[in-house]
Amino acid sequence: MAAAAAVASHFERVTVVERDVLPLDASPRPGTPQDNHLHGLFLGGLHAFGELFPGFADELSRVGAVPLRLNLDFREEFPGFDPFFPQRDLGWAIYTMSRPLFELVARRYVRKLSNVAMRDGCRALHIVASKDGSATGVRLETKDRSDETLPADLVIDASRRGVLSLSFLAETGRPRPEQTDIGIDLTYATTTFAAPEGLRNWKAVVTIPEMPASSRTGYLVPMEGNRWIALISERHIEMPSPDPDEFMSRMQQLRTSTIYDAIKDVQRLDGIHRFSIPENSWQHYERLEDFPRGLLPIGDAICRFNPIYGQGMTIASQEACILKDLLAKRAGAKDPIAGLAQAFLAEVRPLLADAWSQSAAPDFAHPQTRGERPADLDNSLRFGAGLLRLAGRDPAVHKLMMRVRQLVEPCSALGDPELVRRVESEMMADTR
């Protein structure tokens, strides 16, 4: 949806090809097998969607998404900050909602664009190549199971694994891009509860374990319909069972009892949904010397993040904004598509690198995580711990740290020499 909005003002026609028959309401769909689970849209993503879809935040509020004040409404239960990290109003609001509701709002905006057609119930089978190896269209399986070739000047691959792009590279004699993987073996289980009446000093809770001894993390977040969505994640274990009693038992075994105490006596509204992901993957298309004209991967087709950190939707929307800006700069060019993908991939790389680095260090804090550990891993983990301790005492540092975590500021914003000196003092104090 974000990519469609980004290109709509620069092309005569935009066609969104979607395998699922799209619901008219906020219902789950099979093409997003994780859509029953907790999703997050960071502040950086809210800003990006607002750029693509003016009034987006107001529309989320209108349809029932829950506004949360950062970080006043969050109870963050980090080890060493018991009972919880300081709750401060940092001056921003984000919204929490189900993934299907979020998609519904985005689709409504896209459907208002007069030159955008939604082809749901159609499966993209193959990217069509010209004799010179450019992408010139997509071969589809339509709703009636017939084949159709859809010509295109630009093919944007927004699929989950980017299989079509990788196949196209192979079929046109190009090498597969280098790939970075982090083996996380993450499993999680989710259900929803009726949110009870009553006053609390939080709207959302996250309970962080003592790492690396444990990876069991719990989340309780409000969503539309006066509901809570509860998620428990763990690493390097077998897929949890769908048994509600087991789900509650695992919640009871979290490091604190906050989430369990909140849900133990309220009505469960759904079954236990489960999901697993073996690794995070980054396809380094930007390193290819001969990237095909007319093809542009975006979102998970380039980089699939650990979903437990909630970065994916925000990064995808920010990539779409980069694409929109690039097309605007090229609008007067004789051939605006020439070199477009290379320019796009170069510009999104720092964005991806920042988000990847923020999740890679805590991923590798778990000894069983597979992949090449960063050379400075120990220092990165210690710096993160020192920054967190400093943010607990200093509201200004807390605000800056959250702007980086919410993907509003780059990681380089934490490189101010005075801030680094203060964090290093925290690191030294922790070793005494």
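Reader: What are the ground rules here?
Author: This is a predicted model, in which local features need pLDDT of at least 70 and side-chain atom pairs count only at pLDDT 80 or more, while totals for chains, interfaces and linings use all residues. Residues are numbered from 1 along each chain as its sequence is written, and side-chain values use heavy atoms, with hydrogens and water left out.

Reader: Sheet first. What is the strand order?
Author: The order is β3-β11-β12-β13-β10-β14-β16, an open sheet of seven strands with mixed pairing. Strands are DSSP runs of E of at least two residues, helices are runs of H or I of at least four, and both are numbered from the N terminus. Two strands pair if DSSP finds at least two bridges between them.

Reader: Which are the edge strands?
Author: β3 and β16 (303-304), each of which pairs on one side only.

Reader: What packs on the sheet?
Author: Helix α6 (residues 244-252) does, touching β10 (178-194), β12 and β13 (227-235), and its direction makes about 75 degrees with that of β13. Helix α9 (residues 340-364) also packs on the sheet, where it touches β10, β13, β14 (273-284) and β16; its direction makes about 130 degrees with that of β14. Axes are lines fitted to C-alpha atoms, for helices over the stretch in contact, and angles run from 0 to 180 degrees between N-to-C directions. Contact means heavy atoms within 4.5 Å.

Reader: Back to β3. Parallel or antiparallel to β11?
Author: Parallel: four bridges join β3 to β11 (residues 204-207). E76 stands opposite V206 in β11. On the β12 side, V206 stands opposite Y219, and there β11 and β12 (residues 217-223) run antiparallel, joined by three bridges.

Reader: Which way do the β3 side chains point?
Author: F74 and E76 point one way from the strand (residues 74-77), R75 and E77 the other way, and all are buried. Buried means under 20% relative accessible area, exposed over 50%, and partly exposed in between, with a 1.4 Å probe and protein chains only.

Reader: Switching to α4. How many of its residues are buried?
Author: 11 of the 13, so α4 is largely enclosed by the rest of the structure. Those buried residues pack against α1 (2-7), α2 (43-52), α3 (56-62), β5 (116-120) and α8 (312-329).

Reader: What caps the N-terminal end?
Author: S98, with a side-chain oxygen 3.2 Å from the backbone nitrogen of L101.

Reader: And L419, buried or exposed?
Author: Buried, at 8% relative accessibility. L419 lies in helix α12 (residues 417-430). Leaving aside neighbours within four places in sequence, L419 is in contact with L387, L390, V397, L400 and L414.

Reader: Last one. How many disulfides?
Author: The count comes to zero, a disulfide being a pair of cysteine sulfur atoms within 2.5 Å.

How values were computed: A polar contact is a pair of N or O atoms within 3.5 Å; within protein, one must be able to donate a hydrogen and the other to accept it, and residues adjacent in sequence count only if both atoms are side-chain atoms.
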